[in-house]
Amino acid sequence: MHLLLSGIVGSVAYGLARPGSDVDRIGVFAAPTVAFHGLHPPRESVVTTEPDVTLHEAGKYARLALGGNPTATELMWLPDDCYETRTALGDRLIGIRSAFLSAPRVRDAYLGYAAQQFRKLASRGDGTFSADTRRRTAKHARHLARLVHQGRLLYATGVLEIRLADPERFRAFGERVAGGQLAEARDLLAEAERDFDTTRTPLPQQPDEATVERWLLDVRAAHLPPAGACPG
């Protein structure tokens with residue numbers, strides 16, 4: 001594989017990391033173009049743990065980002081110090097990041113992932129659980145608040161904030177919810193739904209697939225074998 005762009009995401013990128021926090025990485029790679037013509041197409045994703053790394057092939061990555069997937073999208077909006085691999089095609093991907101955005105998909109993706117976090121919280125009762133479960137509950141609550149914040153800002157401005165301006169606010173929210181204040185998480189989610197319904201957005205109704213397609217075709221062209229070479 002040919003790594004095009006990769007970086008550190010998750011709590012480190014958001015400014016929410018504590019000592020001992022996991023370091024999560026995500027990247028996009030290009031498989032050799034001729035590999036798509038054989039009996040066994042290349043893997044679309046490579047996932048490892050210890051270290052936690054998720055790599056998506058360029059075609060799959062483009063589909064995820066066009067669908068509004070928050071984790072895929074944030075790779076194109078990282079602070080410079082979070083990038084670990086940058087190539088010319090990776091920089092071009094960053095340069096067209098707004099082409100992936102559309103109002104309905106941003107709304108559905110961020111609200112959908114936040115609602116998923118709330119369902120995990122709601123399944124854990126009133127806060128009378130073990131210390132380990134409480135830590136995981138606080139983490140899910142922070143994710144909910146962070147997704148709501150990022151999604152509303154992206155929807156309203158067209159800009160995705162990765163490094164949070166006030167990380168302590170999200171930590172405190174997580175601790176309150178983990179302590180049993182589930183209603184606060186429910187209220188935050190409901191408020192976000194209302195905001196999405198009333199906010200005027202600069203985002204288009206559809207992403208600019210033509211721009212994304214040009215990038216992907218250039219990735220494929222760049223990973224053809226040299227003229228005259230025998231593939232394989």
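This is a predicted model: local features need pLDDT of at least 70, side-chain atom pairs count only at pLDDT 80 or more; totals for chains, interfaces and linings use all residues.
1. Residues are numbered from 1 along each chain as its sequence is written, and side-chain values use heavy atoms, without hydrogens and water. Local features need pLDDT of at least 70 and side-chain atom pairs pLDDT 80 or more, whereas totals for chains, interfaces and linings use all residues.

2. The largest pocket holds about 1,200 Å³ of space, the volume being that filled by probe spheres set on grid points joined across faces, edges and corners. A pocket is an open set of points on a 1 Å grid over the protein atoms alone, where a 1.4 Å probe fits, with protein on both sides within 12 Å along at least five of seven lines; lining residues have an atom within 4 Å of a point.

3. Of the 44 lining residues, Ser11, Asp22, Asp24, Lys139 and His143 lie nearest the centre of the pocket. Elements giving two or more residues to this lining include helix 1 (11-14), strand 2 (24-30), strand 4 and helix 7 (167-178). Helix 6 supplies the largest share, twelve residues. Helices (H or I, at least four residues) and strands (E, at least two) are DSSP runs, numbered from the N terminus.

4. The largest nonpolar core has 61 residues, and Val28, Phe100 and Trp215 touch the most other members. Helix 5 (residues 103-122) gives the most to this core, nine residues. Another core, of five residues, lies apart from it and includes Phe29 and Leu55. A nonpolar core is a set of buried Ala, Val, Leu, Ile, Met, Phe, Trp, Tyr and Cys residues joined through side-chain atoms within 4.5 Å.

5. His56 sits in strand 4 (residues 52-57) and is buried, at a relative accessible area of 10% (buried: under 20%, 1.4 Å probe, protein chains only). Its side chain makes a polar contact with that of Ser45 at 2.7 Å (N or O atoms within 3.5 Å, one able to donate a hydrogen and the other to accept it; residues adjacent in sequence count only if both atoms are side-chain atoms). Beyond four places in sequence, the contacts of His56 (heavy atoms within 4.5 Å) include Val28, Phe29, Tyr61 and Leu64.

6. Asn69 lies in the loop between helix 2 (58-66) and helix 3, and is buried at 17% relative accessibility. Leaving out residues up to four places away in sequence, Asn69 touches Leu64 and Tyr113.

Methods. Buried means under 20% relative accessible area, exposed over 50%, partly exposed in between (1.4 Å probe, protein chains only).
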